[in-house]
Amino acid sequence: MQIPSKYDASLVESKWYSYWMKHNYFHSTPDQREPYTIVIPPPNVTGVLHMGHMLNNTIQDVLIRRARLLGKNACWVPGTDHASIATEAKVVAKLKEQGIDKNDLSREEFLAHAWEWTHEYGGVILEQLKKLGCSCDWDRTKFTMDDDMSEAVIKVFVDLFNKGLIYRGYRMVNWDPEAKTTLSDEEVVYEERQGNLYYLQYQIEGSDEKVTIATTRPETILGDTAICINPNDARFSHLRGKKAIVPLCNRVIPIIEDDYVDMEFGTGCLKVTPAHDENDKNLGDKHNLEVIDIFNDDATLNSFGLHYEGKDRFVVRKEITKELEDKGFLLKTETHVNKVGTSERTKAVIEPRLSDQWFLKMEELVKPAIEAVLGDDAEIKLFPKKFENTYRHWMENIRDWNISRQLLWGQQIPAYYYGDGKEDFVVAETKEEALKLAIKKTNNQELTINHLRQDTDALDTWFSSWLWPISVFDGIRNPENEDINYYYPTNDLVTGPDILFFWVARMIIAGYEYKGEKPFNNVYLTGLVRDKQRRKMSKSLGNSPDALKLIDDYGADGVRVGLLLSSAAGNDLMFDEALCQQGKGFANKIWNAFRLVKGWEVDETIPQPNSSAIAITWFEAKFQKTLVELEDHYGKYRLSDALMATYKLIWDDYASWLLEIVKPAYQQPIDSKTLKSVVAIFEDILKVLHPFMPFLTEEIWQYISERTPEDALIIAKWPESKPINEALISEFEFAQDVVSGIRNIRKEKNIAFKDAIGFYVINNENIANTFDEVIAKLGNLESIEYTNEAVDGALTFRVKSNEYFIPIAGAINVEEEIKKLTDELNYTEGFLKSVQKKLANERFVAGAPEQVIANERNKEADALAKIETLKASLASLQ
């Protein structure tokens, strides 16, 4: 086969991905092998590939491909999440472009549009993952709104309701006025923003006296139903039992007392607006206050907003401030920084709102999940371990989960109302079942299905994805099926720390509730992808590269290497496109090394040189040592370190040393024994590199020899571990330093490599002569002579206490060399004096950090050794 002179990723990638798909290598079915299972963190069905997905899925693919090579039955389940808020927003926007208002459609009509949108755009991201080389079991692709997945969600809701864990409550919730739905506490992001503190005066009824309150939200005065003072505050004791008048709306409200009021904050008087603040609601409940909601669901003001009805809350804030000032109610304004809750999805400012919602009791459910991660015999390990503290904080401070959303896209809550009262409902998996329950509950045989109204709310998206590791294997509907029994619990979960609570913790809770065991063994939490300036990648900053363009420019393997080179375990990744260029350069280096080996002519009659034989033995030892390192790195999810160890093995040990040692002289053939060994070594290298660079490695693997589909690299066997010859590795490291010394002298003295040189050694270190033939070949030495005396008229260098001499025999100008060495000696002695002066300074030694002192001592030792070598070189020349 003709091997192309350059590696072309664009031709190779589509070819091998098609080949892998055609031969079904990614597909897994239960068998006698040990399973290795990963479930993908399902990206939003609306999504396109971004840098976070690229990193996360590269890591998963590395793990899954390695498991395959280790002989495990590797199963990577892909899929997408219906992402109720995000997807509904996109469908609404598309309808708006067509002149259609969502509110004019029935639920069925809207869902038809949503499904149409999903079929058209959904799954784009999964196709893009294929370009990255992701070896998912595409036959198992799931979508959280698939019929069987939805059925599992409904089944769980009914089960939890029947266990008394789901209830309907009228509570203060986080309202997203843009998406027009409630959000759970975890979907609210708090941001520090600069606003104002407005000091307003309320008149005391029946007198000219006024009381001042401070508020950040002057528009909400229209919902005030009390003023509260601290009973211990002597300044306001005369106001007990009196009433105040709310500015503009002239509502008369009571003055109440409660030690909840902070006497030091603001004026010490608090306006109470039970409909728009959770703490105010608690006060209101305690003191039986009226509740006045002044907002519509889009955060415009309703009829309680008087002449501001229909206007947005932030517009009203400006306008009402001016009116309050004009009418003498506004005393002063101060700048004030406070935390503002915003919707994670829409970025809208959250409005606290009282609403009937569905909640899941978490207090008992959470206990096994705390024990599983934080207990003495923790079954689930988080990598990095530092995230255990975050997990602990969330789980030990958990609140009931608000699981209902005022959306159409999602699983509809299976509660059926048969009357007008809030409690006139039943919960069932089907309408038919609901009717039976309603008849039983009411004892009304006349009830029909037409009397039932299903709750219009949908379930929170996370209420479907928390079942993901179970439901993708149909473990809710068919709890003892073959797949769930074989693949569950899964092995590794790779995800971002931002959804540690949203998704990871909830999956653990569901795992113990519905399978009685953990959903996975390990959770590897990747860092966030940031740019070189440590900024988070975002469209608005314009610092997020186009993922597919990166693959076009550098090849999928180059991008995978670039991402992993910049990704230390669990820390944020400083992404630099130059690392993808480095990845591409690495691919080219491997390709060129392969072409070099395949380009050698073979002569079956030539015996194997000793230098080649010992070099191959050394490399095999080095390979085994790297194999142990890789095992350690993989075990600790240090994939960047695993890649670096592989990178160095190939670039330094294989390409720079082994091939250099064994390559035949110019236009000369190589012996067959050496070539066979070098190719076998290369095949082992391809196996350990395959998880990182699947396309390049498969391409070279298939070029090395004719392979059947059963012999493809993707399903080859990971190299076997053998005993490591540490002594040989250590001896070769010494030999490398000797070769580097020879090369440095040749370079400095312009001694051409084609000219063979003499070489003498004083072997104070008693180093074995194992690699002498290698040193002789790489240094082009006439011979290696061992001696006990310094050699006159020779250039010299040291490796540890060994001395090496290269006779110059007219190859250099002696006078020039003496002058050069003398200058270098004078400079080094001056440098040594400055270092020793510093170390003699007691104040410096007493005050400097240990590391700084150690560095100075190292400089002193290096300078002393260099001076000794320079003096020896001068002595040999004089």
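**Close-up views of a predicted model**

**View 1. Strand E9 and its two partner strands.** Isoleucine 227 stands opposite isoleucine 255 in strand E11. The model shown here and in the other views is predicted. Strand E11 spans residues 252–257 and pairs with strand E9 in the parallel sense, over three bridges. With strand E12 (residues 269–272), strand E9 pairs in the antiparallel sense over four bridges. The bridge partner of isoleucine 227 in E12 is lysine 271.

**View 2. The two faces of strand E9.** Strand E9 comprises residues 226–229, and both of its faces are covered. Ala226 and Cys228 lie on one side, Ile227 and Ile229 on the other, and all four residues are buried.

**View 3. The packing of helices H5 and H16.** Two packed helices are described by the angle between their axes and by the distance between those axes. Helix H5 (residues 124–132) packs against helix H16 (residues 547–565) at an angle of about 55°, and their axes are 9 Å apart. The two helices are therefore oblique to each other. Helix H5 contributes Gln128, Lys131 and Leu132 to the contact, while helix H16 contributes Leu548, Ile551, Ala556 and Arg560. By class, this contact has four nonpolar residues, two charged residues and one polar residue.

**View 4. Cysteines without a disulfide.** The structure holds zero disulfides. For cysteine 75, which is in no disulfide, the nearest cysteine sulfur is that of cysteine 136, 9.8 Å away. Cysteine 75 has 0% relative accessibility and so counts as buried. Cysteine 249 is likewise in no disulfide; the nearest cysteine sulfur belongs to cysteine 269, at 18 Å.

Technical notes: Residues numbered from 1 in each chain as written. Predicted model: local features only at pLDDT ≥ 70, side-chain atom pairs only at ≥ 80, totals over all residues. Heavy atoms only, no water. Disulfide = S-S within 2.5 Å. Buried < 20%, exposed > 50% of the residue type's maximum accessible area, 1.4 Å probe, protein only. Axes fitted to C-alpha atoms, helices over the stretch in contact; angles between N-to-C directions. Parallel < 35°, antiparallel > 145°, perpendicular 65-115°, else oblique. Contact = heavy atoms within 4.5 Å. Nonpolar A, V, L, I, M, F, W, Y, C, P; charged D, E, K, R; others polar. Pairing = 2+ DSSP bridges.
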